[in-house]
Amino acid sequence: MQRFIQIPTDKHNGLYDITRHIRDIVKETKILTGFVHVYVQGATAAIMIQENWDDSVQNDVITLLNKLIPHGIWQHDHQDNNGDAHLKAGLVGPGETIPVVDGQLGLSTWQNIFLCEFDGPRQVRNIVVTLYRA
Amino acid sequence: MQRFIQIPTDKHNGLYDITRHIRDIVKETKILTGFVHVYVQGATAAIMIQENWDDSVQNDVITLLNKLIPHGIWQHDHQDNNGDAHLKAGLVGPGETIPVVDGQLGLSTWQNIFLCEFDGPRQVRNIVVTLYRA
Amino acid sequence: MQRFIQIPTDKHNGLYDITRHIRDIVKETKILTGFVHVYVQGATAAIMIQENWDDSVQNDVITLLNKLIPHGIWQHDHQDNNGDAHLKAGLVGPGETIPVVDGQLGLSTWQNIFLCEFDGPRQVRNIVVTLYRA
């Protein structure tokens, strides 16, 4: 089972909560036990599991990555001026696998699934969702 | 097939080797070929594959993460004072998938599976283990 | 379904594009929908999804990791002098899962699959490829 979701982004760097979309797919496919694999196409975006009480941790993720991986000092910048976006995406990674337990996403209370945009805004980011029934 | 393990932690930041628990589950479920997905719930812990000759690399992991992600300078600290724990957890990630080969975990000699605690001690960390038979 | 590939490395730190090998395995196994899990054994190597227009981003990945995780300052260096290699491998991670969509790897145009060598050269790095048909 596989589904596709498309998410627009409106910031150059930002996190977007996609938990609701993944939850709807788990519900629709009626999987009770297994997992869901969430993968974003494009080499300047990533998927991260992170807290969603408010947007403070999301802002901190961007602050941290900008500090560790500053803009404008990379070899790739001579081509596309987005070397930092590729490095952030590679380090965080394009996919996460989340267990499905008793028909629900096996996230804890404060764990949500985020699309990380590092080279936006983009009209659309394509996400592939693949499910496994155990 | 899915199993649950619970691990207590006694340090604020520390790595805990859970390979034996995962190996027991693979043995019990009698999978010959496939993989095992290990996922920790809670947005301040993570799973890392790392060397286990002695505890030097485990200590180095904590030293590195404290250097890259210092305590006390994050927006989220105004709420919970644990912004660094969320950032460490998000960067390392809550899950790892390990192949099962000939009925054994497909780890190399020095690869072990570690629970990373970034906001302990905790009475329990809940880990979801989901298996796939190829 | 599971396959094994062996890749030699000729640099101390370097990225090696293994996309072609994984694409051949997907083609051979005739999976139409599902995913492929790519896992490198050995605690000083990793798998990263990254751009492959030319080698600039690959060089930038090595530059970044050497900057974040310098050589020679770790507790583990007193044993093997390769503490940085273990830390780089642990942070990037030994595996990636890539969806298979319509019989093709679900990578976008510029996403390729790289073996990351952090303690080479090595005669061989062993990679385990496990496939799931959805």
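Reply: In this predicted model, chain A and chain C bury about 2,500 Å² between them, and carbon and sulfur atoms give 60% of that area; buried area is the accessible area (1.4 Å probe) that two parts lose on being put together, summed over both. Of the area that chain A buries against chain C, 21% is supplied by A:Y39, A:Q75 and A:L91, more than by any other three residues. The contact (heavy atoms within 4.5 Å) takes 29 residues from chain A and 35 residues from chain C.

Between chain A and chain C there are zero salt bridges, a salt bridge being a side-chain nitrogen of Lys or Arg within 4 Å of a carboxyl oxygen of Asp or Glu. Polar contacts, however, join 17 residue pairs across this interface, both residues at pLDDT 80 or more. A polar contact is a pair of N or O atoms within 3.5 Å; within protein, one must be able to donate a hydrogen and the other to accept it, and residues adjacent in sequence count only if both atoms are side-chain atoms.

A rotation of 120° with 0.0 Å of shift along its axis superposes chain A on chain C, with RMSD 0.0 Å. The two copies are thus related as by a three-fold rotation axis. Superposition is by least squares on the C-alpha atoms of residues with pLDDT of at least 70 in both copies.

Residues are numbered from 1 along each chain as its sequence is written, and chains are lettered from A and ligands numbered from 1 in the order in which they are written. Local features need pLDDT of at least 70, side-chain atom pairs count only at pLDDT 80 or more, and totals for chains, interfaces and linings use all residues, while side-chain values use heavy atoms, with hydrogens and water left out.
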